[in-house]
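Open the model and keep the sequence at hand. We will walk along the chain, stopping at a few places.

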Amino acid sequence: MHSCSLSSQIAITVTPIIFLLLFFSVFFALFRGFFCGEQYPGWFFELCPCLKFSAFLHVISFSGGDDFCHGGSVYANPKEASFFLPLSHQVDVYFPTRKRSRVTAPFVFGGEWFEQKRKTSIEALPDECLFEIFRRLPEGEDRSACACVSKRWLMLLSNICKNEICSIKNSRPENKFSEKEGDDQEFGGEGYLSRSLEGKKATDVRLAAIAVGTASRGGLGKLTIRGSNSDRGVTDLGLRAVASGCPSLKTLSLWNVATISDEGLIEIASGCQQLEKLDLCKCPTISDKALNAFAKNCPNLTELSLESCSNIGNEGLQAIGKCCSNLRSLSIKDCTRVGDQGIASLFSSASLSLTKVKLQTLTVSDLSLAVIGHYGMAVTDLVLNFLPNVSEKGFWVMGNGNGLQKLKSLTVASCRGATDVGLEAVGKGCPNLRSVHLRKCPFLSDNGLVSFTKAALSLESLQLEECHRITQFGFFGVLFNCGAKLKAISLVSCYGIKDMNLSLSSISPCESLRSLSICNCPGFGNATLSVLGKLCPQLQHIELSGLEGVTDDGFLPLLESSEFGLVKVNLSGCINLSDKVVSSLANLHGWTLENLNLDGCKNISDASLIAIAENCPLLCDLDVSKCAITDAGIAALAHAEQLNLQILSLSGCTLVSDRSLPALRKLGHTLLGLNIQRCNAISSSTVEMLLELLWRCDILY
């Protein structure tokens with residue numbers, strides 16, 4: 001009796017447990033796809049944030065008996081439920097909307113074994129069927145939501161062209177949020193959406209996400225790709241997605257993307273026919289085929305830039321010149337297959353529209369310059385940099401071609417043909433030339449420079465850099481011959497300049513010169529500065545950078561002879577200047593001075609800051625980095641009644657300490673930028689307080 005009673009109790013206790021275990025095992029088998037969801041990928045945030053998967057269910061109209069259901073039965077046959085559930089009617093299960101919710105087909109109990117039915121899922125549909133479904137989705141959140149389901153769906157959606165989308169009226173209420181009220185930070189300067197991918201972020205998946213995500217917000221207008229992921233870099237597949245989803249693309253820039261080929265750019269040319277600007281840099285696999293496609297399909301192309309594209313040659317440039325009549329700007333650098341034939345055909349075809357031309361590191365010869373001189377009737381800006389095969393004859397023929405009548409700006413660098421004779425011919429043939437930059441012209445002498453400035457009747461700005469044959473005679477010769485029109489002159493690293501005493505008592509002053517810049521010319525000294533003070537009385541901008549031979553005796557006459565009032569003064573690196581110069585500058589020109597740079601002038605102390613605080617009410621930018629400034633000098637600036645400083649640099653001022661906190665806080669009412677890098681006496685706690693107090697000021701520390 002007792003044993004039977006005990007067995008009955010055990011059976012009563014164990015049976016419900018076995019039943020519960022069996023029930024939960026079957027339940028998990030049914031719904032394991034529902035509980036095992038994927039994490040959102042990185043490109044998810046490029047798409048619409050409002051995911052409503054119900055839109056997709058509405059399009060394909062699943063019924064309650066399918067794998068995806070809204071409260072329908074999970075059993076295709078109601079009898080199957082009776083095997084496990086002690087219920088007399090069909091059991092319904094509610095499915096909340098989740099990403100990629102899947103229901104596994106139920107088990108059928110037969111004998112002692114479980115037999116699993118064949119699984120069915122929407123993933124079993126071929127790409128052709130999904131394509132037909134997706135192209136019937138309305139544009140906007142529904143398409144973005146489906147793109148977030150998987151990479152497969154994303155790539156399918158990104159390859160649907162706009163003309164393949166079925167026009168279905170969207171039943172959702174229209175978004176009343178206007179573009180003008182939105183966030184303008186994602187828009188480029190031209191008013192359309194702009195995206196930039198660099199390094200590891202540059203992948204096909206992200207490009208596809210951009211193509212789908214920007215379609216509902218006016219379309220992508222500017223795309224920039226810098227570098228590429230070594231493992232999953234941008235390929236033709238990503239460019240195909242852009243071509244399909246971004247027909248409004250106007251600017252495309254590809255830098256250092258070696259994983260793309262002509263096929264991808266041909267897709268871009270076919271799908272983005274509104275393209276206006278194309279920039280290809282270090283794309284070795286791109287050839288003339290791609291340029292031919294752009295020439296045929298993109299008639300609105302206005303700017304073309306090619307750099308280090310070794311497979312692009314004359315054929316592509318010929319096609320561009322023949323078909324792109326709106327081309328305005330052309331830049332070609334280090335393209336080894338580009339020669340005279342390509343340049344000649346391009347200029348002879350597009351001569352009426354090209355205004356800006358830049359040719360750098362090419363193997364072209366004198367023929368190319370002759371063509372530019374004859375056909376460049378609309379060219380206003382010309383840059384010729386490192387053309388080793390161009391001789392003096394090329395520059396002479398270009399100047400005598402009489403085609404560069406509208407040329408206003410000329411830059412010549414590292415060209416052995418830039419000689420005295422060649423440049424004089426250019427000066428005569430370009431009557432409207434106003435700005436000239438000559439860099440690394442080893443065959444240009446003083447006589448050639450003076451002849452050039454005499455011939456260039458409209459010259460207003462002249463910059464000479466690393467022209468070591470130029471001496472004081474050439475420098476002053478320019479000032480004598482351009483006294484009525486020259487406004488700015490600059491000498492940078494011209495080691496031929498040697499300081500010498502010159503007598504110029506009978507020479508008329510250069511009244512037009514407003515800007516003088518002498519940088520890193522070690523031979524420039526006090527004697528030359530004294531003459532400049534008498535010769536240029538109307539200076540407003542002075543830059544004397546890195547002139548260690550200049551002292552107070554040389555700079556003071558320049559200050560005293562300036563009649564117009566100095567506005568910008570840069571004396572960085574003039575280590576022999578003292579407080580006497582700054583005090584004189586503040587007293588004589590404080591009423592006009594706006595920018596003052598004393599970086600590296602180690603003899604400048606608090607006395608200079610006191611003079612500035614008392615006499616420079618318009619000063620807005622002050623740099624006293626690496627000077628002998630202390631807390632007392634900062635306090636003097638803070639107590640100035642009319643000072644309105646916006647930028648203050650104290651970098652390397654080791655004598656400025658935490659005691660300057662109150663003064664810096666007071667100056668912070670107007671400061672927009674503060675540099676306290678390498679100020680070792682300022683503690684980290686003071687820096688934290690400055691960051692909190694001067695919240696509107698950009699602080700470098």
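What follows is a tour of helices, strands, charged pairs and cysteines.

A word of caution comes before the tour. This is a predicted model.

Start with helix H8, residues 262-271. Which of its residues are buried? They are Asp-262, Gly-264, Leu-265, Ile-268 and Ala-269. Look at the spacing of those numbers. An α-helix has 3.6 residues a turn, so residues three or four places apart point the same way. Now look down the axis of H8. The buried residues fall within an arc of 160°, so they line one face of the helix. What covers them? The cover includes helix H7 (236-245) and strand E5 (251-255). It also includes strand E6 (277-281) and helix H9 (288-297).

Next comes strand E7, which spans residues 303-307. Its side chains alternate. Leu-304 and Leu-306 point to one face and are buried.

E7 has a partner in E6. The two strands run parallel, joined by five bridges. Leu-280 has Leu-306 in E7 as its bridge partner. Follow the chain between these strands. E6, H9 and E7 form a right-handed β-α-β unit.

E7 also pairs with E8. Again the strands run parallel, and five bridges join them. Here Leu-304 has Leu-330 in E8 as its bridge partner. The chain path includes helix H10, residues 314-323. E7, H10 and E8 make up a right-handed β-α-β unit.

Now turn to charge. Side chains of opposite charge can pair when their charged atoms come close. How many salt bridges does a search of the whole structure find? It finds five. We will visit three of these pairs.

One of them involves E7. Glu-307 and Lys-333 meet through their side chains in a salt bridge, at 3.8 Å from N to O. Glu-307 sits in E7, and Lys-333 sits in strand E8 (residues 329-333). The pair links distant parts of the chain, 26 residues apart.

Strand E10 (residues 381-385) pairs with E11 in the parallel sense, over five bridges. Asp-381 stands opposite Ser-409 in E11. From E10 the chain crosses through helix H13 (residues 392-400) to E11. This β-α-β crossover is right-handed.

E11 also pairs with strand E12, residues 435-439. The sense is parallel, and there are five bridges. Leu-410 has Val-436 in E12 as its bridge partner. E11, helix H14 (residues 420-429) and E12 form a right-handed β-α-β unit.

E12 brings us to another charged pair. Glu-465 forms a salt bridge with Arg-439, and their closest N and O atoms are 3.5 Å apart. Glu-465 lies in strand E13 (residues 461-465) and Arg-439 in E12, so the pair ties together parts that are 26 residues apart in sequence. Glu-465 is buried, with a relative accessible area of 17%. Arg-439 counts as partly exposed, at 26%. The cut-off explains these labels, because buried means under 20% relative accessible area.

Asp-599 forms a salt bridge with Lys-626, with the closest N and O atoms 2.9 Å apart. Asp-599 is in the loop between strand E18 (595-597) and helix H20 (606-615). Lys-626 is in the loop between strand E19 (621-623) and helix H21 (631-638). They are 27 residues apart. Asp-599 is partly exposed at 23%. Lys-626 counts as partly exposed at 44%.

Finish with the cysteines. How many disulfides does the structure hold? It holds zero. Take Cys-519. The nearest cysteine sulfur is that of Cys-521, 7.4 Å away. Cys-519 counts as buried, at 11% relative accessibility. Cys-536 is in no disulfide either. Its nearest cysteine sulfur, that of Cys-510, is 5.2 Å away. Cys-536 counts as buried, at 1% relative accessibility.

Technical notes. Residues are numbered from 1 along each chain as its sequence is written. This is a predicted model: local features need pLDDT of at least 70, side-chain atom pairs count only at pLDDT 80 or more; totals for chains, interfaces and linings use all residues. Side-chain values use heavy atoms; hydrogens and water are left out. Two strands pair if DSSP finds at least two bridges between them. Helices (H or I, at least four residues) and strands (E, at least two) are DSSP runs, numbered from the N terminus. A crossover is right-handed if, with the strands pointing away from the viewer, the path from the first strand over the helix to the second runs clockwise. A salt bridge is a side-chain nitrogen of Lys or Arg within 4 Å of a carboxyl oxygen of Asp or Glu. Buried means under 20% relative accessible area, exposed over 50%, partly exposed in between (1.4 Å probe, protein chains only). A disulfide is a pair of cysteine sulfur atoms within 2.5 Å. The arc is that of the directions from the helix axis to the C-beta atoms. Contact means heavy atoms within 4.5 Å.
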